[in-house]
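I'm opening my notebook for this one. I'll jot down what I look up as I go.

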2 protein chains.
Amino acid sequence: MTVLDNAVLRAVQGSADRDRDRRAEIYRSAARIFHRKGYHATSINDIAAAVGLTKAGLYYYIKGKQDLLFAIMGFAMDQLDEQVIEPARRVEDPQARLETIVARHARLITQDSSALTILVNELEGLLPDDRADIIGRQRDYVDFIADTLAALRDEGKVLGLDPTVGAFSLVGMILWISRWYRADGRLDGDEVVAEVTRMAVSAVLNRDAGRTEAAAGGADS
Amino acid sequence: MTVLDNAVLRAVQGSADRDRDRRAEIYRSAARIFHRKGYHATSINDIAAAVGLTKAGLYYYIKGKQDLLFAIMGFAMDQLDEQVIEPARRVEDPQARLETIVARHARLITQDSSALTILVNELEGLLPDDRADIIGRQRDYVDFIADTLAALRDEGKVLGLDPTVGAFSLVGMILWISRWYRADGRLDGDEVVAEVTRMAVSAVLNRDAGRTEAAAGGADS
DNA sequence: GCGAACCTACCGGGCGGTCGGTAGACTAAC
DNA sequence: GTTAGTCTACCGACCGCCCGGTAGGTTCGC
């Protein structure tokens with residue numbers, strides 16, 4: 001009985017696993033192709049062929065092209081939440097938090113930029129409701145960075161910088177990585193991440209503020 | 001005779017002017033729509049309707065959709081050459097040159113981002129030869145910025161920054177403006193340009209460079 | 001023999017692009 | 001000063017193609 005039960009369980013579980021894996025492979029492939037050619041320039045047939053199915057076979061797994069796009073974007077946004085925002089929330093010191101945000105976001109992009117790049121480039125392909133959903137989450141992310149910059153300002157480490165403009169600029173710097181970074185290039189991923197993180201911190205920290213306060217005897221951080 | 005000649009001249013000239021204006025209007029409209037909806041999501045009919053023509057009528061002025069895209073990108077690249085690169089080339093001091101580049105590029109985007117944004121987002125829509133052309137010119141631009149950063153490094157104003165990564169990062173920061181800047185927003189164009197320029201300079205200038213080497217080391221990182 | 005996992009064949013529709021016009025301004029001939 | 005011809009600036013209708021999506025099987029492991 002137990003043996004049979006286990007067998008059945010394994011069978012069911014195995015089947016479910018296989019189904020989940022197939023679905024994941026489809027999303028991954030679709031993300032890669034959307035990333036390379038753009039959402040509108042990619043046909044359902046392109047995706048089906050990439051995963052070794054016909055168009056009709058693909059429709060067994062997906063509801064439609066737009067749902068596929070929305071699912072990929074949702075996945076990317078989840079990634080951002082889990083790998084960047086949540087870890088950064090646990091960092092109390094604003095400067096360290098900023099460094100966490102930039103480094104983690106940049107690393108995600110150097111590792112696999114497909115979904116994260118689609119997330120920002122293909123918003124027009126979504127249905128209005130879905131678009132509003134994604135834009136809202138992106139907005140929250142920018143606000144989170146802006147709040148961190150505002151905290152740095154309150155500490156006196158940042159002077160005369162608009163937190164919102166600062167946040168957008170840093171995001172632009174990070175996202176652009178996906179356009180020029182090549183895994184087989186001169187620098188490896190970690191070096192790029194470190195370089196960009198240093199630039200980001202340097203961009204917002206006020207040079208004179210550190211010097212003046214240090215000269216006046218005030219300790220930093 | 002003179003009167004008649006003038007009249008004829010005016011008529012001919014006026015006709016040529018009208019044709020040129022119409023063409024310019026078509027490119028402007030197309031750029032705006034490509035910018036808003038994306039190249040692939042825009043139909044020739046959309047553009048024709050926007051300029052008050054039928055599709056067939058539009059084809060009197062253009063050779064095809066891809067040529068239209070290439071023309072817009074070429075125009076944008078010309079703008080960049082004339083308004084950013086050429087003026088900056090005439091600035092000898094590297095830091096002032098960097099500021100010129102960032103400020104002028106940013107201003108172009110706050111003024112009208114359509115063509116410049118298409119320039120970087122719709123490369124996939126071009127024919128291979130056209131794409132190679134545009135990518136080459138973009139590459140030259142990034143190299144120009146990287147050379148400027150290298151010159152700053154030689155002056156000792158920049159330490160430990162990879163010029164290429166620095167150039168790409170600054171470009172990303174600038175280009176991203178078109179995604180968040182709204183002419184009717186809280187800050188006007190000039191304020192945004194100034195803010196971004198300040199951030200860009202701060203991002204690459206080494207904070208410790210201004211101080212003596214001995215004093216450097218304890219303040220940050 | 002039954003459901004999960006596919007396929008072949010097809011649909012309506014919109015796409016980029018073309019073709020054969022044609023209204024009307026202008027020119028040339030007489 | 002009429003008329004026949006010409007050219008510019010368009011339009012309606014159409015073409016072949018491919019798109020996203022679907023209906024109705026078929027195969028195969030259990």
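Predicted model: local features only at pLDDT ≥ 70, side-chain atom pairs only at ≥ 80, totals over all residues.

**Entry 1: DNA strand D**

Which element gives the most to the surface near DNA strand D? I looked it up, and the answer is helix 1 of chain B, with 4 residues.

Sorted by class, the surface near DNA strand D has 7 nonpolar, 6 polar and 6 charged residues.

**Entry 2: DNA strand C**

I moved over to DNA strand C, which has 21 residues around it. Here Ala56(A), Gly57(A), Ser43(B), Gly64(B) and Lys65(B) come nearest. For elements giving two or more residues, I wrote down helix 1 (2–37) and helix 3 (55–58) of chain A.

Which element gives the most to the surface near DNA strand C? It's helix 1 of chain A, with 4 residues. The class count for the surface near DNA strand C is 8 nonpolar, 7 polar and 6 charged residues.

**Entry 3: chain A against chain B**

I wanted to know how the two protein chains touch. I found 28 residues of chain A in contact with 28 residues of chain B. On the chain A side, helix 8 (163–180), helix 9 (189–204) and helix 10 (207–216) each supply at least two residues. Helix 8 of chain A has the largest share of that side, 10 residues. By class, the side of chain A that touches chain B has 14 nonpolar, 7 polar and 7 charged residues.

**Entry 4: the axis**

A reminder for myself: two copies of a chain are related by a rotation about an axis and a shift along it.

The same surface serves both copies, as 96% of the contact residues of chain A recur in chain B.

**Entry 5: helix 8 and helix 9 of chain B**

Now for some helix pairs. Two packed helices are described by the angle between their axes and the distance between the axes. Helix 8 (residues 163–180) and helix 9 (residues 189–204) of chain B pack at about 165°, with axes 11 Å apart. That makes helix 8 of chain B roughly antiparallel to helix 9 of chain B. Their crossing is right-handed.

I noted who meets whom. Helix 8 of chain B brings Gly166(B), Leu170(B), Met173(B), Ile174(B) and Ile177(B). Helix 9 of chain B answers with Val192(B), Val196(B), Met199(B), Ala200(B), Ala203(B) and Val204(B). This contact has 10 nonpolar, 1 polar and no charged residues.

**Entry 6: helix 5 of chain A and its partners**

I started with helix 5 (residues 94–111) and helix 8 of chain A, whose axes come within 8 Å and cross at roughly 20°. That makes helix 5 of chain A roughly parallel to helix 8 of chain A. The crossing of this pair is right-handed. From helix 5, Val102(A), His105(A), Ala106(A), Ile109(A) and Thr110(A) meet Leu170(A), Ile174(A), Ile177(A) and Ser178(A) of helix 8. I counted this contact by class as 6 nonpolar, 3 polar and no charged residues.

Which way does helix 5 of chain A pass helix 7 of chain A, in a left-handed or a right-handed crossing? I got left-handed. Pro94(A), Gln95(A), Arg97(A), Leu98(A) and Ile101(A) of helix 5 meet Ile145(A), Thr148(A), Ala151(A) and Leu152(A) of helix 7. The class count there is 6 nonpolar, 2 polar and 1 charged residues.

Conventions
Residues numbered from 1 in each chain as written. Chains lettered and ligands numbered in written order. Axes fitted to C-alpha atoms, helices over the stretch in contact; angles between N-to-C directions. Parallel < 35°, antiparallel > 145°, perpendicular 65-115°, else oblique. Left-handed = near helix turned anticlockwise from the far one by under 90°. Contact = placed C-beta atoms within 7 Å. Nonpolar A, V, L, I, M, F, W, Y, C, P; charged D, E, K, R; others polar. Near = placed C-beta within 6 Å.
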